[in-house]
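Here is a chain to read through by question and answer. Please look at the sequence and the structure before going on.

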Amino acid sequence: LASVAGLRILWGPVVVVRSDGLRVQKNWPLRRTYPWYRILAIDVIPGFWHLEVELNSGDRLALPPVDELDRLYRLMEHHRQALDA
């Protein structure tokens with residue numbers, strides 16, 4: 001059981017883009033979902049290649065680097081801007 005949990009931590013996705021919000025699960029099984037209406041801005045930090053998400057409350061969330069950064073950024077912006085339509 002411990003080895004399965006260890007593999008999940010190593011190879012499991014940390015950032016999941018869903019239609020209802022952005023799910024961050026850094027410490028499995030603990031996870032947090034941020035609804036799209038709470039996200040104010042999303043920036044890509046060059047050089048470090050991670051995403052910085054600014055929430056409406058003023059809090060900032062730094063997401064770790066991912067393999068498909070461009071795809072993740074496009075999906076996040078698509079869902080976030082769909083709220084304005």
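Q: In what order do the strands of the open sheet that contains S1 lie?
A: The model is a predicted one. In this open sheet there are three strands, and their pairing is antiparallel. Strand S1 (15–17) and strand S3 (32–35) are the edge strands, each pairing on one side only. From one strand to the next the twist averages 20°, and the order is S1-S2-S3.

Q: Which residue of S2 is the bridge partner of valine 15?
A: S1 and strand S2 (residues 21–24) run antiparallel, and three bridges join them. For valine 15, the bridge partner in S2 is valine 24.

Q: What is the order of strands in the open sheet that contains S5?
A: This open sheet has three strands with antiparallel pairing. S4 and S6 are its edge strands, since each is listed as pairing on one side only. The twist averages 20° from one strand to the next. The order is S4-S5-S6.

Q: How many bridges pair S4 with S5?
A: Isoleucine 42 stands opposite valine 53 in S5. Valine 44 has a bridge partner in S5 as well, namely leucine 51. The two strands pair in the antiparallel sense, and the count of bridges is six.

Q: Which glycine takes a positive phi in the hairpin of S4 and S5?
A: Four residues lie between the two strands of this hairpin. The positive phi is near 90°, and the residue that takes it is glycine 47.

Q: Which glycine has a positive phi in the turn between S5 and S6?
A: S5 and S6 pair in the antiparallel sense over four bridges. They form a hairpin with four residues between them. In the turn, a positive phi of about 100° belongs to glycine 58.

Q: Which residue of S6 stands opposite leucine 51?
A: Valine 53 has its bridge partner in S6 at leucine 61. Leucine 51 also faces a residue of S6, and that residue is leucine 63.

Q: Which elements give two or more residues to the largest nonpolar core?
A: This core has 15 residues. Those that touch the most other members are Leu22, Ile39, Leu51, Val53, Leu63 and Met76. The elements that give two or more residues are S2, strand S4 (39–45), strand S5 (50–55), strand S6 (60–63) and H2.

Q: With which side chain does that of glutamate 54 make a polar contact?
A: Glutamate 54 is found in strand S5. Apart from residues up to four places away in sequence, it touches Arg38, Ile39, Leu40, Ala41, Asp59 and Arg60. The polar contact, at 3.5 Å, is with the side chain of arginine 60.

Q: What pattern does the chain follow along the sequence?
A: The chain has two helices and six strands. Read along the sequence, they give the pattern α-β-β-β-β-β-β-α.

Q: What share of the residues in the chain is buried?
A: The accessible surface of the chain comes to about 5900 Å², with 55% of this belonging to carbon and sulfur atoms. The chain has 85 residues, and the buried share is 29%.

Technical notes. Residues numbered from 1 in each chain as written. Predicted model: local features only at pLDDT ≥ 70, side-chain atom pairs only at ≥ 80, totals over all residues. Heavy atoms only, no water. Pairing = 2+ DSSP bridges. Axes fitted to C-alpha atoms, helices over the stretch in contact; angles between N-to-C directions. Core = buried A, V, L, I, M, F, W, Y, C linked by side-chain atoms within 4.5 Å. Buried < 20%, exposed > 50% of the residue type's maximum accessible area, 1.4 Å probe, protein only. Polar contact = N/O pair within 3.5 Å; in protein donor to acceptor, adjacent residues only side chain to side chain. Contact = heavy atoms within 4.5 Å. Areas by Shrake-Rupley, 256 points an atom, 1.4 Å probe, with all protein chains shown as cover.
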